[in-house]
Amino acid sequence: MNFPTPVISLEQIIAQTSRLSLIISRSRNLAEILHLAVTEIRQLLQTDRVLIYRCMGDGRRSVVVESVAPYRESLRGKTLHCRGCETKILEGDFRVRAIADIHSPTVDPHDREFLAPFPVRAHLWVPLLIPENSSPGNSYFPVSPRHLWGFLMVHQVEEPRSWDNSQKVLLQQIALQLGIAIQQAQLWEQWEKTQGEENVTVAPLEPRGEILENPFLLPTCEAGNAMRDCAEVKLPTKARENLNEALEQRVAARTAQLQDYNHRLQQEIAQRKAVEKALRKNQQLLRAVLDNSSAVVIYIKDYRGRYLLINRHYETLFGINESDIIGKTDRDIFPEEIAEILWQNDRKVLEWVKTLQFEEEVPQVDGLHTYISIKSPLGDESDRPYAICGISTDITERKTLEKELTAREKILTAFFHAASTVNVGLCIHDRRLRYLQINSNLAEINGLSVEAHLGKTIEEAIPKLAPCILPMLQAVLDSGQPILNTEVTGEVPSQPGIQRDWLVSYFPIFGENQKVTAVGVIVTEITERKEAERQLKQLNADLARSNQELEQFAYIASHDLREPLRKINSFTELLAERYRGKLDGKADKYIGYITDGVDRMQQLIQDLLTYSRVGRHELVLEMTDLGELLDRTLMDLSEAIAAENAAIVVEKLPRVAVNPVQIRQLFQNLIANGIKFRRRESPRIEINAKLEGEVWIVSVCDNGIGIEAQYAERIFAIFQRLHTREEYPGTGIGLAVCKKIVERHGGRIWMKSTPGEGTTFYFTLPDRFG
C-alpha cells in the first residue's frame with residue numbers, strides 16, 4: 001500500500017517559491033537557507049527524510065544538510081555514490097526523478113545500486129544547478145554539465161509512495177531558487193577574493209530582529225524580521241554602490257525569469273490537469289472493459305511473478321479479491337507443481353521478449369480447468385520488459401469435447417476393424433449418399449479398395465445393387481428411423497453373374513439439433529446361410545414326409561398286427577385250457593411263454609399306436625384349466641394311487657391353450673412313472689407351475705429311485721429302458737410320448753434327478769390363448 005500523498009496546490013507552490021526568493025535576496029547565509037529549505041520540504045511533504053547531496057570539486061560527494069524524522073537514520077556527513085544520476089545530468093537529463101518503490105522492476109539498476117545501502121523504499125530527487133546569465137525567456141534547463149552543484153533528495157523509508165506531480169513541481173521550483181542562492185553565495189565569495197589585496201573585510205552576518213522557526217510560512221513577502229539582513233560591509237562607497245547595483249540587476253533578472261517561468265508553469269499545470277483528467281477517464285474506461293470481460297481472465301504480473309492487476313472475472317473464478325492478491329505470486333495461490341509451470345511460462349515471455357501462447361491447467365472449485373493463455377511482455381522507455389500481461393480463456397469444455405471425440409473416433413476405428421475380423425461390413429454415407437467411411441471387409445465384398453469408395457455415390461461404386469439400397473438410405477435420412485435386417489440379393493462388380501445374399505441394417509447418425517447428418521450401414525453376407533437354409537428346408541420337408549409315412553406305416557402295421565395276435569392269443573388260451581397238466585411240464589412252460597409274449601406284443605402295438613396318434617392329426621388347442629384336467633387324470637389313476645398309498649400334492653395350476661387329451665396323457669405318464677419307480681416308502685408326487693417370461697414351467701417331482709445324469713437324454717427316446725422287465729414292467733415308450741406331446745405344443749421337456757432321492761420332470765407351455 002502506498003504512503004498517503006499530500007496534495008499541493010498551485011497557489012502553495014507559487015507562495016513558497018516567492019517567499020524563498022525573497023529570503024535568498026536578503027541573506028548571504030547559504031547554510032541557513034539550505035537548512036530551512038530541507039526542513040520545510042519534509043514538513044510540507046510529510047516524508048521521512050529530505051537531504052542535500054553535494055558534488056565536491058575534488059571528487060568527494062557527501063550529504064551537507066538534511067532534515068530527518070524521529071527514529072530515522074541520519075545520513076549527514078556520509079559519502080554517497082550516485083554515478084547513475086550524475087551520468088544522466090551529463091547526458092542532459094535534468095528532470096525530477098521519482099521512484100515509487102525501489103523493488104519495482106522498472107527502477108534503473110544504477111539507482112537501485114545507489115539506494116541499496118540505505119533503508120529507502122521510495123525516492124524523489126532533482127539536480128541543483130547554478131543558472132547561467134540568460135535572458136528571462138530562457139529556462140534554467142539548458143545548462144552545461146559544469147553547473148551541476150548537487151542534488152535535493154526526498155526519502156520515504158519503509159513504505160512505497162506515489163509522488164504527485166504537484167510535489168515534483170514544488171521540488172523543481174525550490175531547486176531553482178536554491179540554485180540562485182548557491183550562485184549568489186559563490187559571487188560573494190569571488191568578490192571577497194578580488195578585494196583581498198585592498199584589505200577589505202566583511203563583517204559576519206548578524207541577525208537583525210528575531211529569527212522565526214519557519215520563515216517559509218510568512219503571510220507576506222516582508223522577511224526583514226525573519227532572516228538575518230545583509231551584513232555591514234566596510235567597503236568604499238563607490239564599490240559598495242556598484243556591488244549593490246549588480247546584485248539588484250541580477251535579482252531583478254532572476255525575478256523576471258521566475259515570473260515568466262511561473263506563468264509558463266501555470267499553463268503547463270493546467271495542461272497536465274487536463275491530461276490527467278483524460279487519463280483518469282481512460283483508466284476508468286479501461287477498468288470497465290477489463291471488469292466486464294466475463295469470457296476471459298486478465299492479469300498483469302511484474303518480472304518477479306507478483307500480481308499487479310487482475311480483472312473481476314479472475315476474482316470470480318478463483319474466489320479471491322484483487323486487494324488480497326496484489327503483491328503475491330502464483331505459489332501463494334496454486335499448488336507448487338502448477339505454480340512452477342506458470343512461472344516457467346512467464347519467464348519465457350520475459351526472456352524472449354515476445355508474445356507467446358500456452359496451454360495451462362489450474363485448479364478451480366469444481367476441479368482442474370484448462371486455459372489458453374496469451375502472454376505479452378510490457379516494456380519500459382528502453383523496451384526492457386518489466387512485467388507481463390496475460391489473457392486466458394477457459395477451454396475446459398472444448399478439451400473435454402475433443403477428448404470425447406478422440407475417444408469416439410478410437411472406438412469407431414476399433415469397431416470398424418473388429419467388424420472386418422468377423423466378416424461384417426460397415427460404412428457411413430453423408431446426406432448426398434457418398435461414402436464417408438468403409439471398412440476393408442465391405443470394400444472386399446464390393447470388389448473395390450477402401451480408397452476407391454470414398455467420396456463416391458452408391459451408383460458409382462455398386463450400380464447393380466443401387467436400386468435395392470438407395471430407397472432404404474433415403475428413407476432413413478427422411479424419417480430418422482432405423483431399418484433393420486433387410487435382405488438384399490444381387491451381384492457385385494467382383495463376381496458378375498453370381499447371385500449373393502446380404503442382411504443389411506440402416507441406422508441414422510444425428511448431428512446438431514437432432515438432424516440426421518449421415519447414415520450408417522451394417523452388412524453381413526448370408527449367401528452360405530441362405531443356401532444352408534434352402535437345403536435345410538428341403539431336408540425338413542423330406543423328413544416331414546418320411547415321418548408322416550413312418551407314422552402311417554406304424555399305424556397301419558400296428559393295426560393290422562392286432563388281428564393275428566388276437567388269434568394266437570385265443571388258440572393259446574384254448575390249448576392251455578384243454579391240455580394244461582396233461583402234457584409234460586415243459587409244454588406248460590412253453591404255453592406260458594407264448595401267452596406272455598402275446599401280451600407284451602399287444603402292449604407294444606398299443607403303445608406304438610398311441611405314439612403314432614400323437615402326431616397324426618392336426619393339433620387343436622383349447623383354453624384349459626390344468627388343475628381341473630389334472631383332477632380327471634388323478635381319477636383315472638385312483639386305483640394305482642390307492643394301491644401304492646401314494647400322496648399327490650397339487651398347487652394352483654394356470655389356464656393355458658392346450659390340447660386337453662394330449663396334456664392329460666402327459667400328466668398320466670409322468671405321474672404313473674412316479675408311482676411305478678418308487679422306493680420302499682410310499683410315493684409322494686408334487687405338481688406345480690410358475691410363469692417365467694412368456695412360458696409356464698410345470699414341474700412333476702417324485703421321491704422315487706432317481707435317474708443317473710448320464711441317462712437324462714436317453715430316457716426320452718422311444719423303446720429305451722433303464723431296468724429289466726422283471727424289475728419294472730413297461731415298453732419304454734411313455735417318456736417318448738411325453739416329449740412328442742410337449743414339442744407339438746411348442747415347449748420342451750427335461751429332468752433333474754438325484755439317484756436314491758427322486759426325480760423332477762419339467763416341461764414348458766407357452767402362455768397363450770387358443
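Glu 402 is partly exposed, at 35% relative accessibility. Here buried means under 20% relative accessible area, exposed over 50%, and partly exposed in between (1.4 Å probe, protein chains only). The model is predicted, so local features need pLDDT of at least 70 and side-chain atom pairs count only at pLDDT 80 or more, while totals for chains, interfaces and linings use all residues. Residues are numbered from 1 along each chain as its sequence is written, and side-chain values use heavy atoms, with hydrogens and water left out.

The partner of Glu 402 is Arg 398, in a salt bridge whose closest N and O atoms are 3.3 Å apart. A salt bridge is a side-chain nitrogen of Lys or Arg within 4 Å of a carboxyl oxygen of Asp or Glu. Arg 398 is also partly exposed, at 43% relative accessibility. Both residues lie in helix α10 (residues 396–421), four residues apart, about one turn of the helix. Helices (H or I, at least four residues) and strands (E, at least two) are DSSP runs, numbered from the N terminus. Elsewhere, salt bridges with shared partners join Lys 301, Asp 330, Asp 346, Glu 360 and Lys 375 into one network.

The structure holds 25 salt bridges. Among them is the pair Glu 351 and Arg 347, at 3.1 Å, N to O. These two residues are four apart in helix α9 (residues 336–352), so about one helical turn separates them. Arg 347 is partly exposed, with a relative accessible area of 34%. Another salt bridge joins the side chains of Glu 340 and Arg 331, at 2.2 Å, N to O. Glu 340 is partly exposed, at 27% relative accessible area. Arg 331 is partly exposed too, at 37%.

Val 297 presents a buried site, with a relative accessible area of 2%. Strand β8 (residues 296–302) contains Val 297. Contact means heavy atoms within 4.5 Å. Neighbours within four places in sequence aside, Val 297 is in contact with Asn 311, His 313, Tyr 314, Leu 317, Tyr 371, Gly 390, Ile 391 and Ser 392. Ile 391 is 94 residues from Val 297 in sequence, yet their C-alpha atoms are 5.6 Å apart in space.

Five strands form an open sheet in the order β19-β21-β22-β24-β23, with mixed pairing. Two strands pair if DSSP finds at least two bridges between them. At the edges stand β19 (647–650) and β23 (749–754); each has a single partner strand, so one side of each is left without a neighbour in the sheet. On average, neighbouring strands of this sheet are turned by 15° against each other, direction ignored. Axes are lines fitted to C-alpha atoms, for helices over the stretch in contact, and angles run from 0 to 180 degrees between N-to-C directions. Helix α17 (residues 626–636) packs on the sheet. This helix touches β19, β21 (684–692), β22 (695–702) and β24, and its direction makes about 170° with that of β19. Strand β23 runs antiparallel to β24 (residues 758–766), and six bridges join the two. Ile 749 has Phe 763 in β24 as its bridge partner.

Over the whole protein chain, the secondary structure comes to 20 helices and 24 strands. Of its 770 residues, 41% are buried. Among contacts with a separation of 6 or more, 59% involve residues 24 or more positions apart. The chain exposes about 43,200 Å², with 53% supplied by carbon and sulfur atoms. Accessible areas come from the Shrake-Rupley method with a 1.4 Å probe; for residues, only the protein chains shown count as cover.
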